[in-house]
Amino acid sequence: MISVKYTISTNTMETILEKSEIIRQLREKIMGLEGFSKSSPHPFVSFGLGPLEAAFPGNVFPTGTIHEFISQESSSAASTNGFIAGLLGLLTQRGGYCLWVSHRRSLFPHGLKYFGLAPDRLIFVDVPRKKDILWVLEQGLKCPALTAVVGELQELSFTESQRLQLAVERSKVTGFLHRCQPRQQHALACATRWKITPRQSELEEGMPGLGHPSWRVELLKVRNGRPGNWLFAWENGRFRHLPSYQIPIRPGISTGSQRYA
Amino acid sequence: MHRRYLSLWFRHLTTDRLAIRRPELRDRAFVTAAPERGRMVVKAVSAAAAPLGLFPGMALADARAVFPSLQVFSDRPDWHQKLLRGLAEWSLRYTPVACIDPPDGLVLDISGCPHLWGGERPYLKDIVGTLRAKGYRVRGAIADTVGAAWAVARYGEVSPIIGPGSQREALLPLPPEALRLDADVLQRLTKLGFRQIGQFLDMPAGALRRRFGDKLLLRIGQALGTEPEALHPVQPLEPYLERLPCMEPISTATGIAIALKHLLDKICARLSKEGKGLRTGIFRGYRLDGKVQQVAIGTSRASHNPGHLFRLFELKIPSIEPDLGIELFEIEAPLVEKVVEGQEVLWQVSGRDHVVVGELLDRIAGKIGMQSIRCYLPQEHHWPERSIKEVPFLAGQGAGDMSWPIQAPRPVQLLSPPEPIEVMVPLPDYPPLHFRHRGTIFRIVKADGPERIEQEWWLQTGPPRDYYCVEDEGGARYWLFRLGLYGQGNPQWFLHGFFA
């Protein structure tokens with residue numbers, strides 16, 4: 001490689017450097033167009049997701065975009081809510097309000113404090129008609145004074161997700177769409193697709209009781225990134241990556257519904 | 001210009017007001033009472049109760065002893081002021097300057113008004129007659145000074161109208177009480193045998209000042225017109241109402257939007273000048289066929305931002321039916337509040353953000369209803385269902401005095417109401433081995449608990465709940481509880497929530 005470089009004249013060398021610079025700038029531009037903005041409104045937030053963050057472009061958890069979460073059962077819906085609450089807790093460390101939009105809400109504000117999210121920072125909108133959820137979501141995502149907007153909904157078309165993504169690109173609000181038992185998992189204009197499933201907690205040998213909440217975090221899709229699987233636990237107010245990865249054995253009731261596999 | 005004053009005296013102001021509101025009380029003996037120094041004191045007696053020997057200031061217990069079947073109403077501290085203010089605003093139809101004279105009178109500056117009614121006598125007759133027809137027992141008198149009119153309205157026996165310059169003659173036969181004096185000065189006057197004003201009116205000022213103080217001289221001077229007396233006229237509140245007549249009838253949505261913008265700009269300019277903001281607004285359109293179309297909005301915090309209010313109204317413009325066209329638009333703000341301008345906080349959520357979020361919530365509330373927006377604060381209750389309270393969104397307010405407790409584990413999702421489950425329990429007070437919920441069996445591998453939550457006996461009674469956090473083979477976590485104790489009846493098990 002080096003010997004090749006020596007043969008090139010300084011003039012061509014400069015053009016190569018120029019070209020690579022142009023390509024880098026173009027790449028950045030494309031990333032911006034795809035919804036990953038470099039100028040994030042929360043530049044100092046560290047999510048502590050460790051190796052998971054390497055899966056994102058630029059090794060940074062993308063804020064100011066829309067994340068899609070999918071859950072098939074009530075147990076994994078609870079895990080997903082917990083995971084989102086953990087992310088929201090980190091996002092609202094410096095203040096700000098979040099909107100939680102749902103049709104039939106079962107979220108219990110007391111349980112959120114454990115994930116570092118002050119429940120009085122949340123504004124719940126319980127939409128009586130399902131078709132109004134998207135309207136409320138879009139209004140919320142357009143409001144730059146909010147930190148994040150969470151929407152619990154079942155179905156969403158590609159066009160509708162594009163509309164939400166466009167709203168977010170201007171306002172830099174982070175959106176989380178939690179889709180419980182969606183009928184189909186088609187492509188959406190969201191930056192990522194997550195799936196959070198619970199996993200048996202780890203306890204020290206011979207200790208009674210329950211361990212820390214622990215999840216299998218699957219990043220099924222990430223634009224310009226590398227999808228993958230990780231294990232995470234919530235300990236002492238932050239995420240902890242569990243390095244020893246093993247396919248969790250899910251006997252009995254849970255195996256039947258792992259449709260994605 | 002020669003000044004003339006009219007003093008009105010409402011002898012039974014509050015009781016008359018009660019009788020007007022409830023006609024069955026008319027000509028019945030009743031009193032109003034309020035607590036004073038640990039006992040109930042009669043504050044006002046009705047016209048029919050006065051001959052029975054009841055008087056304001058007596059203990060209610062004494063009044064009941066005199067008249068056992070006495071009806072008693074509670075008296076509010078600022079009631080007199082409010083009633084008088086209302087009456088003063090009403091009397092603005094007779095004169096532009098009306099003042100309240102607590103506790104039971106009004107003073108009107110009627111200079112230059114009576115000739116419109118054909119003289120002072122028909123003028124006074126009109127006012128007093130109208131008030132009497134309403135049900136107030138009222139007396140009025142006209143004189144050159146406030147003091148003389150006051151005295152004659154209450155103590156005069158000859159004529160209610162004192163001619164110009166003749167207040168001195170009118171005062172002579174009246175008792176000293178007619179001079180609006182303090183109780184101790186009155187007591188001293190009575191002790192010295194002064195029963196009529198005429199007995200001491202001509203005494204040297206120095207002698208009167210030495211014995212009775214400056215106040216007596218001031219009052220005499222005010223009654224005779226040698227001392228000035230300041231009046232504080234009531235300022236009626238102008239309603240927040242703007243109108244826009246149109247040259248041509250408007251029948252398009254764009255036209256309505258333009259009219260709305262004009263009206264909002266006008267009303268917001270006035271509101272922001274007064275430091276106030278709109279909480280509810282009504283926009284009306286008067287149609288050619290005489291029908292009125294109206295839309296109403298509400299805001300969560302007072303706002304005088306025309307852009308924001310326009311967005312709220314804009315959602316409702318499609319519900320206006322212009323039909324043949326609207327010829328007059330009107331906007332009204334029935335509820336206005338003071339706008340609290342928040343101070344900008346550097347590097348933190350700024351006060352501006354609260355306003356923007358508040359405006360967003362107003363828009364959402366305008367579309368799907370205020371009751372769908374909920375915020376929560378912790379409440380000091382152990383019972384999980386009662387541990388949160390719903391509050392309206394108040395920006396900038398933290399959790400208040402209470403912080404969210406994190407000692408005991410609480411689920412992320414709560415089932416409401418708890419769902420019954422069937423369990424297999426090895427021993428009393430042990431967590432279950434497995435449970436069946438909606439036909440599915442969950443095997444439990446890890447468990448924590450119990451956390452006993454007793455009933456809050458001051459609110460409701462019943463068996464306590466023993467809560468267990470359990471984890472099944474898949475790692476899903478549940479919050480179960482047993483209602484009741486083994487050995488005491490038949491305890492039931494419930495699934496109450498899901499942990500993350």
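In this predicted model, R374(B) and D126(A) pair up through their side chains in a salt bridge, with N and O 2.5 Å apart. Across the interface of chain A and chain B, one salt bridge turns up in total.

On the chain A side, several elements each put at least two residues against chain B, namely α3 (74-91), β2 (97-102), α4 (109-112), β3 (122-126) and α5 (133-141). The biggest share comes from α3(A), with seven residues. Sorted by class, the side of chain A that touches chain B has 28 nonpolar, 18 polar and eight charged residues.

As for the interface as a whole, 54 residues of chain A and 57 residues of chain B take part in the contact. Interface size is often quoted as the accessible area lost when the parts come together. Here, chain A and chain B bury about 4600 Å² between them, and 65% of that lies on carbon and sulfur atoms. Of the area that chain A buries against chain B, 17% is down to F108(A), H110(A) and L210(A), more than any other three residues supply.

Within chain B, helix α1 (residues 13-21) and helix α3 (residues 79-90) have axes that come within 10 Å and cross at roughly 70 degrees, so α1(B) sits roughly perpendicular to α3(B). L13(B), T14(B), R17(B) and L18(B) make the contact from α1(B), meeting W79(B), H80(B), L83(B), L84(B) and L87(B) of α3(B). By class, this helix pair brings together six nonpolar, two polar and one charged residues.

Definitions and conventions:
Residues numbered from 1 in each chain as written. Chains lettered and ligands numbered in written order. Predicted model: local features only at pLDDT ≥ 70, side-chain atom pairs only at ≥ 80, totals over all residues. Heavy atoms only, no water. Axes fitted to C-alpha atoms, helices over the stretch in contact; angles between N-to-C directions. Helix = DSSP H or I, 4+ residues; strand = E, 2+ residues; numbered from the N terminus. Parallel < 35°, antiparallel > 145°, perpendicular 65-115°, else oblique. Contact = heavy atoms within 4.5 Å. Nonpolar A, V, L, I, M, F, W, Y, C, P; charged D, E, K, R; others polar. Buried area = accessible area lost by both parts, 1.4 Å probe. Salt bridge = Lys/Arg side-chain N within 4 Å of Asp/Glu carboxyl O.
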